[in-house]
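This report goes through selected features of one protein chain. The sequence and the model come first, and the notes follow.

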Amino acid sequence: MTPDNPTPSVEKEYFFGPFHFIPGQQLLLCEETPLRVGGRALAILEVLVGQPGEIVSKRDLFARVWPRTVVEESNLKVHIAALRRALSDGGRESQYIATVSGRGYRFVAPVIQQNKPASTLPLPACWEQSNKLPLPSTRMVGREENVAALLRMMEQSRLVSIVGPGGIGKSTLVLQLAESYIAQAGIDVCFVDLAPLSGPQFLTGAVATALGLSIHSGDGMPVLLASLHERQLLLVLDSCEHVIDAAAILVSSITASAPGIQVLTTSREPLRVPGEHVYRLPALEFPSREEMLTAAQALEYPAIALFALRASQSLEEYLLTDADVPAVAEICRRLEGIALAIELAATRMDAFGVHELAARLDDRFLLLKRGQRSSVERHRSLDAALDWSYELLPENERILLCALSLFSDSFTLDAATKFCADLMDDANTVIDGVANLVHKSLLSVDIGGPRVCYRLLDTTRAHARNKLELRGEMAAMQKRHVEFLRASLEHTGAESDGRCLDDVRKALSWAFSPEGDASVGAALTIAAVPLWMQLLLPEECCRSVELALSGAPLSERDEMKLRAAMATATLYASGPVPAIYEAWTRVLELADTHGDPKYQQLALWGMAVYRSYCGEAGTVSALAKRFSAIAASNGDHAALVGMERLVGTALHYAGDQHAARKHLEAMLQQYSVPLGSSLMGRFQLNQRSAALATLAEVLWLQGFPDQATQAMQAALQEARDDAGHPESLMNAISGAAFPLAQQLGDYAAAEALLEELSGYLARHAQTLWETLRNCLDATLRALRGEPAGLALLHASVKQLQAGGYRMQLTSHLGLLASILGDQGQRDAGLALIEEALALCEAGAARWNHAELLRIKGHLLEEQAPPLAEQLYRQALDLARQQGAPSWELRAANNLAHLKARQCDRADSIELLRAVFKRFSEGFETADLRTARGLLDRASA
């Protein structure tokens with residue numbers, strides 16, 4: 001008998017955080033919004049919240065959730081992960097369910113349990129439609145702006161295709177987009193996953209089945225279209241690429257005959273049908289290499305956030321730390337923001353940890369094989385995802401994709417055509433193939449620059465190279481690429497824009513490997529020399545030339561070209577070291593043997609450059625005589641004028657300032673910018689700038705500080721205007737402008753020049769120039785009396801010596817010795833000045849011999865005044881012979897100071913006054929102010 005007033009049934013409800021869970025209705029809400037969660041996951045949640053704070057063993061969970069069923073532990077992990085995604089609060093998925101290693105799980109948040117009369121909670125109108133969508137296997141991260149943009153696009157078009165490469169996250173995005181759209185539009189939805197279809201003939205049937213239709217005829221298209229004619233529906237077709245032609249026909253028919261149907265597709269290429277709006281899904285954003293971020297800042301980047309999220313699922317309780325950020329950012333950069341690749345990498349955190357994982361990314365296909373067992377096959381490894389795309393290509397596009405994988409970075413259509421034309425039917429086949437690979441999201445295209453450029457994602461490139469290996473074609477393709485680069489560089493020469501540098505590096509790495517071909521490597525090395533010099537990479541040039549010289553047997557002509565490159569690059573990398581002269585001597589010998597006037601001229605020039613820096617005026621004159629005869633016979637007027645500069649430079653370093661100025665001024669009067677490029681031009685500084693810089697030094701020595709400053713400003717401006725020779729400006733600053741500012745006592749100008757040099761080195765880093773910059777920086781610090789300046793200067797001068805650098809070395813040694821003496825370290829200073837004097841007297845570079853004698857005298861003033869006076873007078877005599885009043889003035893200043901201390905001024909003051917009177921300008925410079933002060937005190 002039924003009672004008149006039956007007791008209403010009671011059901012349990014649980015509240016925690018913003019969540020409300022009603023097990024009896026299989027309903028989980030977040031702030032009254034229902035969440036789509038699978039039944040198994042909700043069953044696990046019911047067990048856990050029923051025992052909050054207690055450890056629930058895996059065995060108990062299996063017994064409660066899968067009674068009388070044997071399942072793998074991985075199934076439990078999958079549902080725990082899904083539950084954590086649903087319970088994400090503030091982006092963190094693990095704050096409610098904790099893993100107790102080896103034991104089970106525990107619900108760690110406070111739970112309020114209530115028993116209420118059973119009732120059906122009203123749900124949003126779109127809830128039933130949302131439940132028709134499959135549950136996403138992963139939570140969408142960092143795609144909110146993409147969803148918003150697509151919703152706007154769907155308002156304008158009935159057909160929207162989300163296009164992108166495999167693994168970029170199209171399927172995850174489309175589920176969230178569909179859910180948002182049906183909530184906004186209030187219409188029905190039909191989701192069709194096309195990936196399982198084995199052929200296009202099954203497409204219509206699959207869509208019909210998803211719509212609940214039974215089609216019995218051979219051609220079900222009319223029945224399907226008729227059923228859709230009056231409906232309001234969002235039709236989602238996921239993964240169309242392998243049935244793209246059939247999908248295009250079907251979608252075109254639906255949009256034409258069923259006005260109430262909104263179609264949303266995902267594919268690796270557009271359908272290319274009328275009315276289609278294509279949305280190319282970009283990769284997840286990741287930080288640049290230059291950004292230094294905290295963990296909190298890094299998590300603002302979607303790629304980093306995705307990695308951290310998936311890592312916490314793989315390695316329980318993992319939280320991104322500041323220390324991990326650089327490695328995680330590098331992983332995301334290397335994987336180029338591809339969501340699947342990042343997720344797969346994060347799943348290996350339990351095996352490797354973040355730093356080891358970053359170090360092992362070169363083995364990415366081995367590392368990124370493990371995905372979720374619940375995922376479709378093509379999403380379970382990076383290799384499988386890319387194989388899916390590769391297998392859909394026709395054979396000619398597979399060949400093209402594999403060939404293009406030899407390019408390390410971006411390339412032009414012209415480069416692709418030249419490299420691949422004879423692999424295909426003709427150039428037009430290559431052009432069509434490139435266009436098709438772009439459509440299929442296997443090539444990305446950049447149309448923002450002056451030229452359209454293409455590139456493969458790193459993951460796609462690595463996969464295609466693996467295919468080349470499997471086809472047994474890698475070695476032949478590598479050799480083809482080396483020969484292509486050689487031909488390209490021989491054609492463009494120094495006009496190359498540098499895009500091919502990474503290609504050259506990788507090609508040479510293969511060529512000089514045991515599997516490679518050293519002979520083609522040597523040919524590419526010769527062709528790449530102008531590129532390295534243009535990009536200011538002399539050290540890299542030297543290393544590559546050494547490999548070529550030690551590799552396969554070379555013809556004498558190739559040896560000649562390589563040794564010329566080695567000599568030139570060594571000058572820029574290490575300064576004028578003896579090995580340069582030896583290399584040029586061999587080049588000249590080979591050029592004479594083969595009667596090659598261009599390389600004869602180049603070798604003589606190189607030998608003259610080296611000897612001019614050594615101050616060997618006689619040797620330079622002899623070399624110049626032969627050089628001029630060859631240059632005249634070739635009608636090379638620019639080379640003849642340039643040699644005049646070298647003769648002037650040699651005379652300057654030899655100490656003959658009058659003759660040096662005559663040659664330099666004659667060169668500047670005759671100089672004109674050479675038309676076109678030449679072999680000589682590749683290996684030279686800006687000749688006008690170099691001549692003006694040396695002339696500035698000469699003018700200062702001759703007692704014309706203001707004219708010297710004007711000449712130096714002109715030298716700097718000439719170098720700044722010559723964008724093709726950045727080393728000309730670095731040479732002008734480090735070799736002349738900074739030393740001149742230092743000699744004038746203008747430390748503010750010296751500091752500004754140092755900042756300018758540092759700016760160039762930030763873009764054109766080179767060991768020699770960096771060492772010189774450090775030396776100049778230490779010089780300025782030491783001159784200003786900074787405590788660390790002296791130690792830094794000592795270390796940088798030692799580094800220059802260790803590298804065999806000779807240019808202005810005696811000047812650096814002299815300055816260091818002088819500062820050591822001023823700081824009470826006279827013995828150390830004397831040891832250095834003796835070293836500098838020995839270098840000066842052993843060679844012909846005597847331009848600052850007088851200054852070194854003066855510095856030695858200054859160091860000896862306290863302990864041996866007579867010897868100091870003798871050295872000052874020797875310096876005066878030598879400076880007078882060399883036509884260097886500036887050195888005279890310094891020696892006279894020191895002598896006057898010494899004699900004043902001895903109360904014996906008359907002779908020295910008259911000598912100083914005579915030197916001072918020879919100056920007509922520059923009276924605000926340091927040495928002239930010192931002289932005026934001494935003279936004024938003597939008069940007083």
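Strand 10 (residues 188-193) is mostly covered, with 5 of its 6 residues buried. Buried means under 20% relative accessible area, exposed means over 50%, and partly exposed lies in between, with a 1.4 Å probe and protein chains only. Strands (E, at least two residues) and helices (H or I, at least four) are DSSP runs numbered from the N terminus.

Asp188 stands opposite Leu233 in strand 11.

## Basis and confidence

This is a predicted model, in which local features need pLDDT of at least 70 and side-chain atom pairs count only at pLDDT 80 or more, while totals for chains, interfaces and linings use all residues. Residues are numbered from 1 along each chain as its sequence is written, and side-chain values use heavy atoms, with hydrogens and water left out.

The chain averages a pLDDT (the predictor's confidence in each residue, from 0 to 100) of 85, and 91% of the residues score at least 70. Confidence is highest in helix 40 (residues 849-860), at a mean of 96, and lowest in helix 31 (residues 679-682), at 49. Over residues 676-680 the pLDDT is below 50, and this stretch has 8 contacts in the model beyond near neighbours in sequence. Contact means heavy atoms within 4.5 Å.

## Positive phi values

Most residues other than glycine have a negative phi. Ser239 has a positive phi, near 70°, and lies in the loop between strand 11 (233-238) and helix 9 (244-257). Ser239 is buried, with a relative accessible area of 3%. Arg272 also has a positive phi, near 60°; its place is the loop between strand 12 (261-267) and strand 13 (276-280).

Helix 26 (residues 578-594) has 17 residues and should span 24 Å at 1.5 Å a residue, which agrees with the 25 Å between its end C-alpha atoms. The expected span is 1.5 Å times one less than the number of residues. Its buried residues, including Tyr581, Trp584 and Leu588, pack against helix 25 (556-574), helix 27 (597-613) and helix 28 (617-633). Gly595, with a positive phi near 60°, follows helix 26.

Trp584 is among the residues that touch the most other members of the largest nonpolar core, which has 135 residues. Such a core is a set of buried Ala, Val, Leu, Ile, Met, Phe, Trp, Tyr and Cys residues joined through side-chain atoms within 4.5 Å. Beyond four places in sequence, the contacts of Trp584 include Ala564, Leu602 and Met607.

Definitions and conventions: Two strands pair if DSSP finds at least two bridges between them.
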